[in-house]
Amino acid sequence: MDSKNKAFTKVAKYYDLVMQDFDYREMVDYLDDLIMDAGGDRTTILSIGCGTGEELLFFHQLGYTISGLDNSKEMIEVAKEKLPFMEIYCMDMVDFKLENRVDNIISTFDSINNILDDKSLERCFKSVYNSLNRGGLFLFDFNTVYTFIHDWKGVRTEEGEGYEMIYESEFNYNTMICDTLIKFFIEEEDKHIKFSELHREKGYTEETMKNLLKKVGFKVVKSVPFLKKKGVKTSEVSRYQIVAKKV
């Protein structure tokens with residue numbers, strides 16, 4: 001096993017492999033429904049923290065004009081090969097500025113949790129706000145503190161065709177940051193590839209998200225458990241889905 005790599009660098013080449021069992025169609029149809037329910041249109045859409053851009057393939061099939069933004073050069077290279085016609089930006093989601101505004105901005109797979117302090121999160125929301133047309137929508141999901149305390153506690157394993165991953169997570173109650181060492185074991189033809197990456201996420205509350213969105217000018221349209229349409233009265237929610245509108 002080699003030394004720890006920066007998150008989303010070495011795994012970029014194998015990201016679609018380890019995500020092969022995820023139902024992108026279900027997620028994209030869900031987000032598309034939320035956009036339609038909020039009065040949006042299938043026009044321009046930007047994914048921040050887009051990674052390899054797999055979900056954008058499905059948005060493209062629905063008629064959206066797609067674009068992506070990520071700060072991992074390695075992930076962007078994969079996305080460019082997959083979607084050569086797509087506009088893609090190598091930028092940090094905390095501070096970015098587009099030449100042309102869009103109607104929809106999304107962030108998926110708890111990418112927002114990679115922002116590790118409230119001030120940076122507010123700057124991200126401001127960048128999103130400034131990049132949307134009036135009436136534009138911002139949709140993102142995020143992991144709650146409950147996730148890191150209960151769902152990610154200790155050691156977890158995941159495996160599929162051609163890969164295995166071991167997650168070793170440690171949550172800091174003072175900083176609300178979870179450090180997860182992910183060990184990857186990849187089977188590639190006759191090769192056995194092993195490497196690890198350190199991933200860091202901060203746990204946020206629904207209240208914090210709503211307050212910061214409102215502070216920069218958004219109206220919160222919907223806040224529900226991920227892949228659900230209606231809210232629930234419980235503290236045991238692992239991941240929320242937020243829909244906010246620029247007003």
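Some ground rules before going on. This is a predicted model, where local features need pLDDT of at least 70 and side-chain atom pairs count only at pLDDT 80 or more, while totals for chains, interfaces and linings use all residues. Residues are numbered from 1 along each chain as its sequence is written, and side-chain values use heavy atoms, with hydrogens and water left out.

Domain 1 covers 12-143 + 204-246 and domain 2 covers 147-201, with bounds that come from an automatic or database domain assignment. Taken over C-alpha atoms, their centres are 23 Å apart. The contact (heavy atoms within 4.5 Å) draws 13 residues from domain 1 and 16 residues from domain 2. About 1200 Å² is buried between the two, and carbon and sulfur atoms give 53% of that; buried area here is the accessible area (1.4 Å probe) that two parts lose on being put together, summed over both. On the domain 1 side, Tyr14, Val18 and Leu116 supply 43% of the area buried against domain 2, more than any other three residues.

Next, the sheet. Look for 7 strands in an open sheet, ordered E4-E3-E2-E5-E6-E12-E11, with mixed pairing. Strands (E, at least two residues) and helices (H or I, at least four) are DSSP runs numbered from the N terminus, and two strands pair if DSSP finds at least two bridges between them. At the edges sit E4 (87-90) and E11 (218-225), each pairing on one side only. E11 pairs with E12 (residues 239-246) in the antiparallel sense over 7 bridges, and Pro225 has Tyr240 in E12 as its bridge partner. Helix H7 (residues 206-216) lies across E6 (132-143), E11 and E12, running at about 160 degrees to E11; axes are lines fitted to C-alpha atoms, for helices over the stretch in contact, and angles run from 0 to 180 degrees between N-to-C directions.

Finally, a hairpin. Strands E7 (residues 154-160) and E8 (residues 163-172) pair in the antiparallel sense over 7 bridges, with Glu159 opposite Glu164 in E8. The hairpin has 2 residues between its strands, and Gly162 takes a positive phi near 90 degrees.
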